[in-house]
Amino acid sequence: MGWWIALGILVLVGTFPLGIRAAYGRGGARVQVLVGFLPLTLYPRKKKQDEPKKADSPEKPSQEKGESPSRQSQAPEPSGGGQKQGGSLKEFFPLFRLGRDLLGTLRRKIIVRKLECRLTLACSDPCDLAVAYGRTWAAVGNLMPQLERLFVIRKRDIQVDCDFSADQPQIFARIELVIPLGRLAALAAAYGFRAVREYWNIMKKRKGGAVT
């Protein structure tokens, strides 16, 4: 009986969704992390109350007159420290292929739980607005099949409206991306093992050993 309970708990944890929700509207952008059905806001952050400014400390006698403290605190930069040295391109290719395979596998594992976009076109000329309306729907018709090849979209709501009295176009967009925790753990284990193996082969090759 205990094994069945443990198995049920593992299955429940494996289906636990993790994801991200991003939205843009009149109030600006908002980004939230979804832990199950609990949203945790990443942006915008809550403004902290301004702390009282500390009183300026008296100048130390060691500081010279006419020289700012910030200039005295700066240490001399070592020569050549700003240059970033590159590694071997031949050694980078296996890691690049690994990342490419991961992205190719991950794109069909991510679930778009909700895709919402409401675009309101604005123009004083009815003819120009009609042309823009047709072109917009044509772009939507070309874009949606590409998104459906990349992601599993469960629910979508795409609307395009016209407003002759508005000064400029307006848009509201929201997307929710989720992936089950079990699927994410399986991908991390599989590709993590491959990444360690590729890196181990690179290090052995540098030392002159046989590559596995």
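Let's start with Glu176, which at 9% relative accessibility counts as buried. Buried here is under 20% relative accessible area, exposed is over 50%, and partly exposed is in between, with a 1.4 Å probe and protein chains only. Before I go on, the ground rules: this is a predicted model, where local features need pLDDT of at least 70 and side-chain atom pairs count only at pLDDT 80 or more, while totals for chains, interfaces and linings use all residues. Residues are numbered from 1 along each chain as its sequence is written, and side-chain values use heavy atoms, with hydrogens and water left out.

So which side chain does Glu176 meet in a salt bridge? That's Arg21, at 2.9 Å, N to O. A salt bridge here is a side-chain nitrogen of Lys or Arg within 4 Å of a carboxyl oxygen of Asp or Glu. The pair links distant parts of the chain, with Glu176 in strand 7 and Arg21 in strand 1, 155 residues apart. Arg21 is partly exposed, at 22% relative accessibility.

Those strands are DSSP runs of E, at least two residues, and helices are runs of H or I, at least four, all numbered from the N terminus. Strand 1 (residues 17-25) and strand 7 (residues 170-180) run antiparallel, joined by eight bridges. Two strands pair if DSSP finds at least two bridges between them. On this pairing, Gly19 has Val178 as its bridge partner in strand 7.

Strand 7 also runs antiparallel to strand 4 (residues 111-122), with nine bridges joining them. There, Thr120 has Gln170 in strand 7 as its bridge partner. As a reminder, side chains in a regular strand alternate between the two faces of the sheet.

Back to charges. How many salt bridges are there by this rule? The count comes to seven. One of them is Glu116 with Lys114, where the closest N and O atoms are 3.9 Å apart. Glu116 is buried at 5% relative accessible area, whereas Lys114 is partly exposed at 23%.

Then there's Glu148 with Arg156, at 2.7 Å between the closest N and O atoms. Both of these are partly exposed: Glu148 at 37% and Arg156 at 45%. Salt bridges with shared partners also join Lys114, Glu116, Arg118 and Arg174 into one network.

Now over to Leu150, in helix 4 (residues 126-150). Leu150 has a relative accessible area of 31%, so it counts as partly exposed. Leaving out residues up to four places away in sequence, Leu150 touches Arg107 and Arg108, where contact means heavy atoms within 4.5 Å. The C-alpha atoms of Leu150 and Thr105 are separated by 9.9 Å, and these residues are 45 apart along the chain.

Cys162 is partly exposed, at 37% relative accessibility.

Last stop, the backbone. Tyr43 and Pro44 are joined by a cis peptide bond, with omega about 0°. Pro44 sits in the loop between strand 3 (38-43) and helix 2 (69-73).

That's my tour, so over to you for questions.
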